[in-house]
Amino acid sequence: MKANSQASGWPAKALQHGTLIAFAGIALLPLYFMLVSAFKTRDEFLSNQFGPPEAPVLSTLVQSLAGGDLFHWVLNSLAVTVGSVLLSTALAALAAYPIALMKWRAGPYVLGVLIALMVVPPIVLVIPLFQIAAGLRQLNTYQTVIVIYTGMLLPFSTFLLASFFRTLSPSLVEAARMDGAGSWRIFRSILLPLSGPALATVVTVQALWVWNELLIAIVFLQSDHLRTLMVGLTVYNSRYRIDVPMVMAGMLWGTLPMLLLYLAGQRFFIRGLTAGGVKG
């Protein structure tokens with residue numbers, strides 16, 4: 001009977017795994033095309049567009065950095081990403097603490113407003129934000145973009161951290177209060193050390209979003225020397241439209257920093273999955 005049930009369930013499992021493999025292949029196809037194209041010359045790409053390179057070359061990757069524009073765009077994106085992520089993570093952690101663990105009557109309402117803000121598309125905010133920045137004469141500044149990114153990241157980050165703080169045992173906070181620790185001491189010495197997985201998740205998600213964001217950057221950073229990587233890659237694509245391997249090489253350079261960040265963040269997720277628990 002057991003063997004018959006296993007045999008009858010085999011087609012369903014095969015279909016499920018086949019579907020997952022098919023979707024994974026579709027998702028990885030652009031990455032494969034970028035990798036194989038970046039290590040080809042232009043002539044080889046024209047003769048072999050989708051196959052692996054017969055003789056991989058590094059000259060395309062080196063030439064893509066020529067002139068310094070691509071490297072400058074990467075530095076600009078790093079500055080904007082680091083500033084936005086640090087500011088939004090700090091504010092989100094400070095806001096999530098009273099919402100989740102302090103006896104604050106307005107906490108649930110504030111959290112509800114933040115959840116509602118998560119569904120507001122950024123494009124509807126561009127015109128009013130542009131008018132405000134123009135009125136304050138703050139266009140073409142990194143400060144404006146960092147403030148805008150921080151405001152857009154705060155709802156999700158606060159919601160995620162508040163949800164994680166609520167999983168922590170209240171006995172930890174109560175024990176610290178009985179020992180005379182204040183709210184700031186509890187936040188700094190107890191909550192933050194236990195929140196490594198949640199903070200790593202927030203930082204990784206925020207960095208990926210800011211790094212790949214195009215709309216705000218292209219509207220508020222109009223000067224050539226202020227371009228972020230995503231804006232610069234649109235110019236790069238126009239400049240080397242005929243030379244596809246050169247464009248793919250530039251995109252590969254832009255992908256590497258976030259890929260490394262994701263791999264590092266994934267390691268923290270696995271290490272601290274049970275960080276919020278109370279050991280008996």
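## Close-up views of a predicted model

At a relative accessibility of 6%, phenylalanine 45 counts as buried (under 20% relative accessible area; exposed is over 50% and partly exposed is in between, with a 1.4 Å probe and protein chains only). The model is predicted, so local features need pLDDT of at least 70 and side-chain atom pairs count only at pLDDT 80 or more, while totals for chains, interfaces and linings use all residues. Residues are numbered from 1 along each chain as its sequence is written, and side-chain values use heavy atoms, with hydrogens and water left out.

**View A. Phe33, Phe45 and Phe50 form one aromatic cluster.** A pair of aromatic rings is described by the distance of the centres and the angle of the planes. Rings of Phe, Tyr and Trp (its six-membered ring) pair if their centres lie within 6.5 Å; planes under 30 degrees apart count as stacked, over 60 as edge-to-face and the rest as tilted. By this rule the count comes to six aromatic pairs. In one of them, the ring centres of phenylalanine 33 and phenylalanine 45 are 6.0 Å apart and the planes stand at 70°, so the pair is edge-to-face. Phenylalanine 33 belongs to helix α1 (residues 2-38) and phenylalanine 45 to helix α2 (residues 42-47), so the pair ties together parts that are twelve residues apart in sequence. Helices here are DSSP runs (H or I, at least four residues), numbered from the N terminus. Phenylalanine 33 counts as partly exposed, at 22% relative accessibility.

**View B. Serine 64 is buried, at 1% relative accessibility.** This residue lies in helix α3 (residues 59-64). The side chains of serine 64 and tryptophan 253 are joined by a polar contact of 3.0 Å; such a contact is a pair of N or O atoms within 3.5 Å, where within protein one must be able to donate a hydrogen and the other to accept it, and residues adjacent in sequence count only if both atoms are side-chain atoms. Leaving aside neighbours within four places in sequence, serine 64 is in contact (heavy atoms within 4.5 Å) with Leu70, Tyr236, Met246, Ala249, Gly250 and Trp253.

**View C. Helix α4 (residues 69-101) packs against helix α10 (residues 196-212) at an angle of about 140°, with the axes 9 Å apart.** That makes α4 oblique to α10; angles under 35 degrees count as roughly parallel, over 145 as roughly antiparallel, 65 to 115 as roughly perpendicular and the rest as oblique. Axes are lines fitted to C-alpha atoms, for helices over the stretch in contact, and angles run from 0 to 180 degrees between N-to-C directions. Residues of α4 including Val74, Leu78 and Val85 meet residues of α10 including Leu199, Val203 and Trp211.

**View D. Helix α4 also packs with helix α7 (residues 142-165), at about 40° and with the axes 6 Å apart.** This angle makes α4 oblique to α7.

**View E. Arginine 137 sits in the loop between α6 (126-135) and α7.** Most residues other than glycine have a negative phi. Phi of arginine 137, however, is near 55°, and this residue is exposed, with a relative accessible area of 75%. Asparagine 140, in the loop between α6 and α7, has a positive phi of about 60° and counts as partly exposed at 29% relative accessibility.

**View F. Glutamine 266 lies in helix α13 (residues 244-271).** Its relative accessibility of 33% counts as partly exposed. Glutamine 266 and threonine 201 are 65 residues apart in sequence, and their C-alpha atoms are 8.3 Å apart in space.

Terms used: Helices (H or I, at least four residues) and strands (E, at least two) are DSSP runs, numbered from the N terminus.
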